[in-house]
Amino acid sequence: MPDTTNHPASRLAPLLALLLLLAWALPAAAADVWVNTSSGVYHCPGGQYYGATKRGRFMSEREAAQHGYRAAYGRTCSPARPQPAGSKSFNS
């Protein structure tokens, strides 16, 4: 049987496994909310339940809203976008 201990793939396999584990466990930069998949509520960074519920996952706030999840306490994480100068709102 050939010796495969010095084969490049055998040295990369543990590193690739570690990278995949870290990519799964850590939130991505764009994944800025924690969705409690049991309650259907998402939590902002710094909140008491951010990453702390038993069932959930990280995703972007936009993705959470598109999947029908709602913001905790009715407060979104992203600040409201200011309207450009000279634009008219529907309320005025």
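Trainee: In this predicted model, is R75 buried or exposed?

Mentor: R75 lies in the segment that follows β4. Its relative accessible area is 58%, and a residue counts as exposed over 50%. R75 is therefore classed as exposed.

Trainee: How far apart in space are R75 and C44, C-alpha to C-alpha?

Mentor: In sequence, R75 and C44 are 31 residues apart. In space, the C-alpha to C-alpha distance between R75 and C44 is 9.0 Å.

Trainee: What pattern of helices and strands does the chain follow along the sequence?

Mentor: The secondary structure comes to two helices and four strands. Read along the sequence, these elements follow the pattern α-β-β-β-α-β.

Trainee: Which strands stand at the edges of the sheet?

Mentor: The four strands form an open sheet with mixed pairing, in the order β3-β1-β2-β4. Two of these strands have a single partner each, so one side of each is left without a neighbour in the sheet. The edge strands are β3 (56-59) and β4 (70-71).

Trainee: How many bridges join β1 to β2, and how many join β1 to β3?

Mentor: Strands of a sheet pair through backbone hydrogen bonds, either parallel or antiparallel. Strand β1 (residues 33-36) runs antiparallel to β2 (residues 41-43), and β1 and β3 also run antiparallel. The count is three bridges for β1 with β2 and four for β1 with β3.

Trainee: Which residue takes a positive phi in the hairpin of β1 and β2?

Mentor: This hairpin has four residues between the strands. The phi angle in question is positive, near 80°. The residue that takes this angle is G40.

Trainee: How many aromatic pairs does a search of the whole structure find, and what is the geometry of W34 with F58?

Mentor: The search finds two aromatic pairs. In one of them, W34 and F58 are 4.7 Å apart centre to centre, with 65° between the planes. An angle over 60 degrees counts as edge-to-face, so the pair of W34 and F58 is edge-to-face.

Trainee: Which strands hold W34 and F58?

Mentor: The pair links distant parts of the chain, as W34 and F58 are 24 residues apart. W34 is buried at a relative accessible area of 8%, whereas F58 is partly exposed at 25%. W34 is in strand β1, and F58 is in strand β3.

Trainee: Which residues form the aromatic cluster?

Mentor: Y50 and F58 also form an edge-to-face pair, with 5.5 Å between centres and 65° between the planes. Y50 is partly exposed, with a relative accessible area of 24%. Together, the members of the one cluster are W34, Y50 and F58.

Trainee: Which residues form the nonpolar patch on the surface?

Mentor: One member, L18, is found in helix α1 (residues 8-25), and L18 counts as partly exposed at 44% relative accessibility. The patch has about 370 Å² of accessible area together. Its residues are L12, L15, L16 and L18.

Trainee: What percentage of the residues of the chain count as buried?

Mentor: The chain exposes about 7700 Å², of which carbon and sulfur atoms supply 60%. Of the 92 residues of the chain, the share that count as buried is 16%.

Technical notes: Residues are numbered from 1 along each chain as its sequence is written. This is a predicted model: local features need pLDDT of at least 70, side-chain atom pairs count only at pLDDT 80 or more; totals for chains, interfaces and linings use all residues. Side-chain values use heavy atoms; hydrogens and water are left out. Two strands pair if DSSP finds at least two bridges between them. Patches are made of residues with over 30% relative accessible area and no salt bridge: like charges are joined within 9 Å, nonpolar side chains (Val, Leu, Ile, Met, Phe, Trp, Tyr) within 5 Å. Accessible areas come from the Shrake-Rupley method with a 1.4 Å probe; for residues, only the protein chains shown count as cover. A salt bridge is a side-chain nitrogen of Lys or Arg within 4 Å of a carboxyl oxygen of Asp or Glu. Buried means under 20% relative accessible area, exposed over 50%, partly exposed in between (1.4 Å probe, protein chains only). Rings of Phe, Tyr and Trp (its six-membered ring) pair if their centres lie within 6.5 Å; planes under 30 degrees apart count as stacked, over 60 as edge-to-face and the rest as tilted.
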